[in-house]
Amino acid sequence: MSKGRHRKQQRPGTGRLVVSAAAVGMGLVQASGIAAAAPAGTAPGVGGTPCTTPTIKACVDLSENKTWLLDGKGNVVYGPVANTHGGQGHETPTGDFIIQRKDQYHVSQEYEGAKMPYAVFFDGEGRAFHQGTLDRQSAGCVRLNEADAKRFFEHLNPNDRVQIVE
């Protein structure tokens, strides 16, 4: 099994199977990798966002560079706020994802010790919501300003669902 970007070392046989089994049991496994969502502004989505899954806790609109926090019952509790995301060749994937883990003081092993404060990892490849510059695109993560990254870190927890659409 390959280690994804920014993967936390685990003892063999711990963690991953439990999360995977829980996700399968709850019907939360990403099937296609692409979320079905109407383009922003053309049809109402969950809480007025372009996302379509009512149980999500965060929605990311890559085409508009907007992100929201939701309560998991279809209500927006924060946002929209600005974000940046992956550039060409490092695109941020679309679809439904499960929060894997959080690390308030994460430092990237892959990108020369780049600081990733308030990291909330949403896939098994090391992509996360985290504090970072909004002046340029990322290597696949969803970057937020400091106040917004802190709010996402406080609101999102492992096993929460997030949806990313274009």
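This is a predicted model: local features need pLDDT of at least 70, side-chain atom pairs count only at pLDDT 80 or more; totals for chains, interfaces and linings use all residues.

Tutor: Residues are numbered from 1 along each chain as its sequence is written, and side-chain values use heavy atoms, with hydrogens and water left out.

Student: What pattern does the chain follow along the sequence?

Tutor: Helices (H or I, at least four residues) and strands (E, at least two) are DSSP runs, numbered from the N terminus. The chain has two helices and nine strands. Read along the sequence, the pattern is α-β-β-β-β-β-β-β-β-α-β.

Student: What share of the residues in the chain is buried?

Tutor: Buried means under 20% relative accessible area, exposed over 50%, and partly exposed in between, with a 1.4 Å probe and protein chains only. The chain has 166 residues, and the buried share of them is 42%.

Student: Which cysteines form a disulfide?

Tutor: A disulfide is a pair of cysteine sulfur atoms within 2.5 Å. The structure holds one disulfide. Its sulfur atoms are 2.1 Å apart, and they belong to cysteine 51 and cysteine 59.

Student: Are cysteine 51 and cysteine 59 buried or exposed?

Tutor: Cysteine 51 has a relative accessible area of 0%, and cysteine 59 also has 0%. Because these values fall under 20%, cysteine 51 is buried and cysteine 59 is buried.

Student: What is the handedness of the link between cysteine 51 and cysteine 59?

Tutor: The angle about the S-S bond is 85°. The link of cysteine 51 and cysteine 59 is right-handed.

Student: How many salt bridges are there?

Tutor: A salt bridge is a side-chain nitrogen of Lys or Arg within 4 Å of a carboxyl oxygen of Asp or Glu. By this rule the count is three.

Student: How many residues apart are lysine 57 and aspartate 160?

Tutor: Lysine 57 forms a salt bridge with aspartate 160, with the closest N and O atoms 3.9 Å apart. Lysine 57 is in the loop between helix H1 (16-25) and strand E1 (58-61), while aspartate 160 is in the loop between helix H2 (146-155) and strand E9 (161-165). The pair links distant parts of the chain, 103 residues apart.

Student: Which strands hold aspartate 96 and arginine 161?

Tutor: Aspartate 96 and arginine 161 form a salt bridge whose closest N and O atoms are 2.7 Å apart. The two residues lie in separate strands, so the pair ties together parts that are 65 residues apart in sequence. Aspartate 96 lies in strand E4 (residues 95-98), and arginine 161 lies in strand E9.

Student: Which residue forms a salt bridge with aspartate 123?

Tutor: The closest N and O atoms of this pair are 2.5 Å apart, and both residues are buried. The partner of aspartate 123 is arginine 127.

Student: Which residue in E7 stands opposite valine 120?

Tutor: Strand E6 (residues 115-121) and strand E7 (residues 128-131) pair in the antiparallel sense over two bridges. Opposite valine 120 stands phenylalanine 129.

Student: How many residues lie between E2 and E3 in their hairpin?

Tutor: Strand E2 (residues 66-70) pairs with strand E3 (residues 76-82) in the antiparallel sense over four bridges. Leucine 69 stands opposite tyrosine 78 in E3. Glycine 72, in the turn of the hairpin, has a positive phi of about 85°. The number of residues between E2 and E3 is five.

Student: Which peptide bond is cis?

Tutor: Proline 80 has its place in strand E3. Omega is near 15° for the cis bond, which runs from glycine 79 to proline 80.

Student: Is tyrosine 118 buried or exposed?

Tutor: Tyrosine 118 is found in strand E6. Its phi is near 60°, a positive value in a residue other than glycine. At 14% relative accessibility, tyrosine 118 counts as buried.

Definitions and conventions
Two strands pair if DSSP finds at least two bridges between them.
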